[in-house]
Amino acid sequence: KDNVDFKEICDIMFYTAMAPPGGGRNNVTPRFARHFNLITITTFDETTMKKIFNTLLDFITTRPGWGAFARGLVPNLVQATLNIFDTICAEMLPTPEKSHYTFNLRDVSKVFQGMYMAGAEKVADETAMQRLWVHETQRTFADRLINDEDREWFRKLVGKTLQSLFKKDYSMVVSKEPLIYADFMERMVDDQVYEEIAQVDTARQAIEDYLEVYNSLYQKKMDLVIFNYVIEHVSRLSRIIKQPYANALLIGVGGSGRQSCTRLAAHIADNKLFTITLSNSYSREAWKDDMRMMMKQAGASGQPTVFIFLDSQIKEESFLEDISNILNTGEIPNLFPSDEVETLTDAVKATAKEAG
């Protein structure tokens, strides 16, 4: 730090990327931008967007078991999702209080990703398909909204979309709220089916059975009362855990059940839980050791893993940078020494072959 001599860096090319200003992002200065050859990737036009997501939803609805009615709904379901996305991007703008109100094309994909999870035999007609779509838009968009006013605004938006594209009132599609879908109703089976849970009492009994098994397996027992709040959140978390590249930011006051619901949802999904144990002497190197252990567990051992990281465990800002890297690229740069990478690669290959 005391050395102020200039250093000349040779044979290095920088590639950088940035989103347009807005939502907490600022303009870069011309003095900085002048160093780069700028390439702007414009927003896809509506025709391109429809082509992409029509193809995706066509693939989902042409799988065995789906009726012809499902394929007939594809164009309107895609149009409805894009309408929801465009409106919420235009009207639900981020503010200091709602800084996480940022939406992108991944959110549109997540709606169809959720529909992909559904068992075709459980979607019997057009109304059931439309109800599944409403649920997935709620999980993707409405779960991010922080107050009843915003959630009611979203409900009316969905209602207007159903009326304009499907000529149905919201009440004709959703007769009972809250909408709950989950895949844990059929226990002790390999291929669990993602389906609507019409009877909350049935879901309560299923979750209580899972909780009883959890408490018999782990020394640290959870004494939970399974009421509707828990059922809804466990269902949400179960849905997220079963999706590829899944992650969730759980916001709530202390004691609201974030950890308990996550532990229970991880157990239901047959995932192994991983968390760090903080102490006064916990250092950057101890954090790296824990991350290596977690990566080996999830990768080399092939064990589905849920990593719980609490805000109280952010001892160093670099921890958040590593979490960001995991979410963006699936790895932490330079975590493993070079002589260990080859061994780990062989172990992952073996696990991948076993998985088919």
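**A look at the second largest pocket**

Mentor: Happy to, and keep in mind that this is a predicted model. By class, the lining of the second largest pocket is made up of 8 nonpolar, 4 polar and 6 charged residues. That lining has 18 residues, and those nearest the pocket's centre are Tyr210, His267, Ile268, Ala269 and Asp270. Two elements give two or more residues to the lining: α8 (200–217) and α10 (258–268). Of the elements, α8 gives the most, with 4 residues. As for the space itself, the volume of the second largest pocket comes to about 390 Å³. If you wonder how one finds such a space, rolling a probe the size of a water molecule over the atoms shows where empty space is left.

Now for the packed side chains, to set beside the pocket. The largest nonpolar core has 44 residues, and Trp133, Val134 and Phe154 touch the most other members. At least two residues of this core come from each of α2 (46–61), α3 (68–91), α4 (105–116), α5 (126–140), α6 (148–166) and α7 (170–173). The biggest share is from α3, with 10 residues. Pick out Val134 on your screen: leaving aside residues up to four places away in sequence, Val134 touches Val158, Leu162, Tyr170, Val173, Val174 and Leu179.

Conventions: Residues numbered from 1 in each chain as written. Predicted model: local features only at pLDDT ≥ 70, side-chain atom pairs only at ≥ 80, totals over all residues. Heavy atoms only, no water. 1 Å grid on protein atoms, 1.4 Å probe; cavity = no way out; pocket = protein on both sides within 12 Å on 5 of 7 lines; lining within 4 Å. Points joined across faces, edges and corners; volume = space filled by probe spheres on them. Nonpolar A, V, L, I, M, F, W, Y, C, P; charged D, E, K, R; others polar. Core = buried A, V, L, I, M, F, W, Y, C linked by side-chain atoms within 4.5 Å. Buried < 20%, exposed > 50% of the residue type's maximum accessible area, 1.4 Å probe, protein only. Contact = heavy atoms within 4.5 Å.
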